[in-house]
Amino acid sequence: MTRRDLVLPVLGAGILVLVAAGLAQRLPGDAGGMDADRTARYIGFACAAAVLYAGAVWRVSRISGSALPVVLLLALAMRLLTFASPPLLSTDIYRYVWDGRVQAAGINPYLHLPAAPELQGLRDEGTAAAAIYSHINRAYYAPTIYPPVAQALFALVGLAWPTIWGMKAVMLAFDLLGIGAALVLLRLARQPTERVLILAWNPLVVWEFAGGGHIDAAALGFVGLALVLAARRSRTLAGLALGAAVLCKLLPAALFPAVWRRWDVQTPLAVGALIAVSYACYAGAGWRVLGYLPGYASEEGLGSGSGFLLLRLAAAAGPVPSWAGPAYAATAAVGLLTLAAWIGLRGPLPTVAGDRAVLICQDAVWLTTASMFALSPHYPWYLTALAVPCVLAPSRFALWMMGAAPVLYLDDRLMQVAAPAVVFLPAAAFVAFDLFRHRMRRGALPA
């Protein structure tokens, strides 16, 4: 084996060591949070891992051969390491487990707050249920926010293994499903399968899925299936997979134009049917089936505009008028709809499956990136939505956002602008550079 052959495994081993160093910042008494000093150290290790990851992505794009076993072995090692540790900086998984316990008791999860008297019997002191309940965020004022397919997964865990480890196992399985889908996409596109490391070695994915157990892992797995099925022209199944992703995490709805073209009625019918059936299963909650979604939008500053990075930057320079928030939301919506229409209506997908896979993934990256720019989310794990399509369409702006995402853990107040600016402003510069350099060609956006 030559020195050149060792570069990739050395980079992967370095990422593994930095993941371990980040996990080592957690103390036994921590539950979904660490003090400022250890959080800063964790972010430092995360950013260092992102640098090595960028080197690995650069390296793997220049080789083809027998590196796949090494890629998969190190990817599995990273996940087993993070799986063995409780979540570092988020308590979301405790709400997932709680919702599963509620459903295992035969109760609609949309009906009651975790702190409601009706659920007293599920949080008796001294029991495992109490250990879960004590770590639920917003327990006294926020009903569950998670859509029906997510709730079905929570219910499954609630019946089979109602602990954070059971939930993490399910999310790890979806993470691995996403890797499997990425391998299929690479084979369809006749690209070296080693490039699956763009997903498999992504430190953000490793920390937030095997580590944090976020429901975004299920969305990622279903999105991977949807991209594969769309590339193979299985329109109904692609619609069902995309609908399932949307009903785990609403953000994958942005990908619909990537898998749909004019006159395709099967995909939207499948998406709509799954949404209707899924919500019907929880219809006993009435309008409350929307959960905390309206309250969450308000809490995150999406209604007033204080949650959007551009308006927060403007507010840092001086007073922002009250109409700026609605105006920004309307402008962003028009921009996203215009991009969606341009992609979905521009013409049929290529006839060759590999070419379809590449184009669909390119479109998916652009649609997701545009949505991220518009929303400028405050939570790192939201940016994992870029991970699967980046395998066939690795873009500097998408890789930057995922690599820089851990700094968002510093953004604990909506008025802060430095952390999200580090994530989104350089990415916007990369986008501008790519558009200037390549220009939009008919049939494709620059990747």
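Q: How do you know that the length of helix α17 (residues 353–375) agrees with its residue count?
A: The expected span of a helix is 1.5 Å times one less than its number of residues. For the 23 residues of α17 that gives 33 Å, and the end C-alpha atoms are 33 Å apart, so the two agree. Helices here are DSSP runs of H or I, at least four residues, and strands are runs of E, at least two, numbered from the N terminus. This is a predicted model, where local features need pLDDT of at least 70, side-chain atom pairs need 80 or more, and totals for chains, interfaces and linings use all residues. Residues are numbered from 1 along each chain as its sequence is written, and side-chain values use heavy atoms, leaving out hydrogens and water.

Q: What makes α17 mostly covered?
A: In α17, 17 of its 23 residues are buried. Just after the helix, Ser376 takes a positive phi of about 40°.

Q: What makes α4 mostly covered?
A: Of its 13 residues, 12 are buried, among them Trp98, Asp99 and Gln103. Gly106 follows α4, with a positive phi near 85°.

Note on methods:
Buried means under 20% relative accessible area, exposed over 50%, partly exposed in between (1.4 Å probe, protein chains only).
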